[in-house]
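Biologist: Can you walk me through this model? I'd like to start with the strands.

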Amino acid sequence: MSETVATAGLPLIPLRNSVLYPTLTMPFSIGRTASVAAVEAALASEDKLVLVVAQRDPDNDDPGLGDLHPVGTKAVLRHVSRGENTVQAILQGVERVRLDSVVSTYPYVTVAVTPIPAASDSGTQVEALAGELKDLARKFQTLAHIAPQLDLAQVFSAVDDPTQLVYMIAAALVLKVPEAQSLLEAATRAEALRLLLTHLSHEVQVWEVRNEIATSAQSEMSREQREYLLRQQMRAIQEQLGDKNPEQAEVAELRRRFDEAKLPDDIRKEADKELGRLERLPSAAPEYQVVRSHLELVLELPWTALTDDNLDLARAREILNEDHFGLSEVKDRILEQLAVMRRNPESKAPILCFVGPPGVGKTSLGQSIARALGRKFEHFSLGGLHDEAELRGHRRTYVGAMPGRIIQAVRRAGVRNPMLLLDEIDKLGQDFRGDPAAALLEILDPAQNNSFRDNYLDLPFDLSKVFFVTTANSLDTIPRPLLDRMEVIRLSGYSEEEKLEIARRYLAPRRRKEAGFSDEEFPLSDETLRALIRRYTRESGVRELERVIARLASKAALRLAEGKSVGSEPGQGVAPADLEEVFGPERFRIEEARRNFPAGVATGLAWTETGGEVLYVEALRLPEGRELLLTGQLGDVMQESARAALSYVLAHSEELGLEHAAANVHVHVPAGATPKDGPSAGVTMATVLCSLFSGRPVRSDTAMTGEVTLTGLVLPVGGIKEKCLAARRAGIRRIILPKDNAKDLRELPDEVRADLELILAEHVGDVFGAAIQEVGPATAAATGNEIAESDQAPLTQAARPA
């Protein structure tokens, strides 16, 4: 054994849970002040040497010489990087040393050491122990699946020194500090080999048992058990790292958010119960996510958040006029409600129901109200909704449960007083899953919705501050109890003048902007817009009109891209004559439609969900012995009107001068594929029969509507504005209406009333006198529609019973 010489003091770095072996390189995180100072001193020295020694007690923050193992390792600093409070250092062991005495203690500990010569014993015993160690190491690598890509035979062949082999294998094992220290202190190679063989044999036995257990239990362990085991292992790892359990952190975060949230006392009490329940539930339980999602919903709902209403009436009127043309009665009603809210902010907003044909601006009116009030706007359609749970929410016991649409809309709005538009309320469905209309009774009732309970939320939520607006095309399919909770505001169709103004102000600029045109690049004259309205659209609203303007803009964009002008004349824009190139032949030829009627044909007026419509009623005589025949998909009410009209005409045939009146008549209403119903065709049926039996044609410039009774009275009907606008669109300027509908004429725009000749009839005889020409069928075509006022008198007088 060679002579050993004590060295001068080395800077000391105590290690808590590891041992550094000679020739090996290891990274260390150094945080103690004295140890950091020792690293800094070593860096400043020429040889960069330090003393690395394992502590006996890892919890001792300031170990003395007696608290350290007697043998350590002299090491050289290979790399150092500094953090905020720690130093990351890579150390390479040089040789074993024995600790002698402390040289200094400030600012770091310096220890005098004596090098320990490397063991040099050899022989067959050492060779046998080394061979056994290599075999055992290969077996351990296979069992523990450690670096399977590493070829140990090649690694071992490069290592000649058995001591170095011991250190290299020991560093790959997870040994406790006393076991690792015993290898470092071993005096001979044989001793070190025997110690490591003992430790490695134990590890191999443990891994063999673990693999046997894993193999036998693999087929029996279910997915839930594996997940539980993994979670337990993850929890143990997190506890070792000092991290919080993720489920506990999640619940803690929810509780913090609840503490900061502004909730009513009763809601907070219920939420605290659910939070306590969530804390007790394991995260693997199916109910855990249900409770967590429910609590998230409670947090996201605006229990107290409100927007301040802007009740400036002048501004509201300006916005309504800016967004919509006409609709003066509707705008006045909205402004009236704003005036009430201005005087009494606590007043409950009415539930408005806008009823009218498509394209008249019902939905956009709701958006304008929200903009005028400064409220958040939310909208969803009820069309086709047939599950009550869509509105009330699903109970949390069901898989995939979620809150109802009302609560979701309020959550999206972020305030509890939004403007909520429920579209297509007349198209609600109903089946075995419940009646959505019944759920709306509570939602729209101001006396009940201040504590609305969604099935999913299961907590009372105040909907009384929500401004509800609904839309519908017809009131016929809305249940009466639901209709009773709403204030109905009717939006009739637009006249030609109104459509022209709407197209000029809104539709053309919007489509021009979307197509990327300026006003100069794509001008549309009033003549072109009027031609579009008359020849290519026939509707109560303006939706189709906007579509044809959009098509015109697309065509103009294509022509410009091809280097052509927008219209046929350069610089003149699109002229009426250019429309046929884009849309083809005129879709509607109004002025020439059915200009001359034979006897037994009359023009009636009907109301539909899309507005007013003109319909023609025709009648023919059948051979004797036949009964009244009705065709054209007529409903029960319309068939009864035809029978009542025939009964009246037959009963008064002598007074009317109808010598050939009989019941063998066929009455037909064209467009037979379209179902028709209602009482308003009664006077038209009676006029057709009177014309047929008298041989006198009905004036083709006259349309009529009204219900007829067996005594000949003309009763009022609905949809007067829509019917008058439909007649005017068809080029008919003369209309016969029930006298009791005179009050409805004020709904007509002034320019429409001025353009129409409106005749009010109290008795069916008034209708006959105004509609049936006093000329025979042979001369009807020759005389056309000219009829003297005095010629009506005989038929009118004859029509009234004495």
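Modeller: Strand β7, residues 352-355, runs parallel to β13, and four bridges join the two. Strands here are DSSP E runs of at least two residues, helices are H or I runs of at least four, and both are numbered from the N terminus. Two strands pair if DSSP finds at least two bridges between them. This is a predicted model, where local features need pLDDT of at least 70, side-chain atom pairs count only at pLDDT 80 or more, and totals for chains, interfaces and linings use all residues. Residues are numbered from 1 along each chain as its sequence is written, and side-chain values use heavy atoms, leaving out hydrogens and water.

Biologist: What stands opposite F354 in β13?

Modeller: I489 does.

Biologist: What is the strand order in the open sheet?

Modeller: The order is β8-β9-β12-β7-β13, five strands with parallel pairing. β8 (377-381) and β13 (487-490) stand at the edges. Each has a single partner strand, so one side of each has no neighbour in the sheet. From one strand to the next, the twist averages 20°.

Biologist: Which strands does helix α15 touch?

Modeller: Helix α15, residues 405-413, packs on the sheet and touches β8 and β9 (419-423). Contact means heavy atoms within 4.5 Å. The direction of α15 makes about 150° with that of β8. Axes are lines fitted to C-alpha atoms, for helices over the stretch in contact, and angles run from 0 to 180 degrees between N-to-C directions.

Biologist: Switching to α12. Which of its residues are buried?

Modeller: V330, K331, R333, I334, L335, Q337, L338 and M341. Buried means under 20% relative accessible area, exposed means over 50%, and partly exposed is in between (1.4 Å probe, protein chains only).

Biologist: And what do those buried residues pack against?

Modeller: They pack against α11 (313-323), β7, α13 (362-373) and β13.

Biologist: Now L441. Where does it lie?

Modeller: In helix α16, residues 436-443. L441 counts as partly exposed because its relative accessibility is 21%. Leaving aside neighbours within four places in sequence, L441 is in contact with Q448, P481, L482 and R485.

Biologist: Last topic, the loops. Which peptide bond is cis?

Modeller: The one from Y106 to P107, with omega near 5°. P107 sits in the loop between β5 (87-104) and β6 (110-115).

Biologist: What is the phi of D458?

Modeller: Near 55°, a positive value in a residue other than glycine. D458 lies in the loop between β10 (452-453) and β11 (460-461).
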